[in-house]
Amino acid sequence: MSHDHDHDNELDPFAARVRALETILTQKGLIDPAAIDVIVDTYETKIGPRNGARVVAKAWTDADFADWLKRDATAAIGSLGYTGRQGEHLQAVFNTQDTHNLVVCTLCSCYPWSVLGLPPVWYKAPPYRSRAVIDPRGVLEEFGLTLPTDKKIRVWDSTAELRYLVVPMRPESTEGWSEERLAELVSRDAMIGTGLARQPA
């Protein structure tokens, strides 16, 4: 038996189910594909980790902005145009030679969407939410991040009233780099504290 239609065989099972559900809802007139495209574009280009990476890169290159970020992260980040849902009350915490910061939300999954986009699945999972406070060093090691034993780990618990952004340490050998180039070294995990900024290639 021959089939002339495509089966989206290139999609993984989860993506295929999402595509099928979207098709059914569209056919029933319950959703507008154009509206979905706008939402997806918003999360991919207007909010998300790229925004946070730009904030970090600016803090690395502009001492006045870094100071403002420490004093009033909400205003400093807002000055770059990054505002919106779950980004109304932000605090930036800076990693140093002596201290590494880690963010968790033990009660639910409060997360700074305006600068980090949608939270990863593991951030919302009970094991991370409970163990990050009890055994932060062990949790970081599971992420592949082993810190010196003499480095202090400070855990910040996000709430509905206040969310945190970790500013990782700037990698060495990046003097003279533009903000755009520096931003490429900043990952979402580094801004949660489960990773570090990438080292330059």
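**Overall picture and confidence**

The protein has 201 residues, of which 37% count as buried, and its secondary structure consists of eleven helices and four strands. Among the contacts with a separation of 6 or more, 66% are made by residues 24 or more positions apart. The average pLDDT of the protein is 88, and 87% of the residues score at least 70. Where pLDDT is low, the predicted coordinates should not be read in detail.

**The nonpolar core**

The largest nonpolar core holds 46 residues, and the members that touch the most others are Val55, Leu69, Ile77 and Tyr128. Helix H3, which spans residues 49–61, gives the most to this core, with six residues. Leu69 shows how such a residue is surrounded: apart from its neighbours within four places in sequence, Leu69 is in contact with Val55, Ala59, Ala76, Ile77, Ala92, Phe94 and Val167. Phe94, one of these contacts of Leu69, also has Lys70 lying over its face, at 5.0 Å from the ring centre.

**Aromatic pairs and charges over rings**

The structure holds eight aromatic pairs, and two of them are set out here with their geometry.

| Pair | Distance between ring centres | Angle between planes | Arrangement |
|---|---|---|---|
| Trp122 and Phe143 | 4.7 Å | 65 degrees | edge-to-face |
| Trp156 and Tyr164 | 5.1 Å | 45 degrees | tilted |

Elsewhere, the charged end of Arg181 sits over the ring of Trp177, 3.6 Å from its centre.

**Two loop residues**

Asn95 is found in the loop between strand E1 (90–94) and strand E2 (99–104), and it counts as buried because its relative accessibility is 8%, which falls under the 20% limit. Its polar side chain has partners in the model: the side chain of Asn95 makes a polar contact with the side chain of His100 at 3.4 Å, and it reaches the backbone nitrogen of Asn101 at 2.8 Å. Leaving aside neighbours within four places in sequence, the contacts of Asn95 comprise His100, Asn101, Val166, Val167, Pro168 and Met169. Val167 is in contact with Leu69 as well.

Ser173 is found in another loop, the one between strand E4 (163–167) and helix H10 (179–183). Ser173 counts as exposed because its relative accessibility is 55%, which is over the 50% limit. Although Ser173 is not a glycine, it has a positive phi of about 65 degrees.

How values were computed
Residues numbered from 1 in each chain as written. Predicted model: local features only at pLDDT ≥ 70, side-chain atom pairs only at ≥ 80, totals over all residues. Heavy atoms only, no water. Buried < 20%, exposed > 50% of the residue type's maximum accessible area, 1.4 Å probe, protein only. Core = buried A, V, L, I, M, F, W, Y, C linked by side-chain atoms within 4.5 Å. Contact = heavy atoms within 4.5 Å. Polar contact = N/O pair within 3.5 Å; in protein donor to acceptor, adjacent residues only side chain to side chain. Phe/Tyr/Trp six-rings, centres within 6.5 Å; stacked < 30°, edge-to-face > 60°. Lys NZ or Arg CZ within 6 Å of the ring centre and 35° of its normal. pLDDT = per-residue confidence, 0-100.
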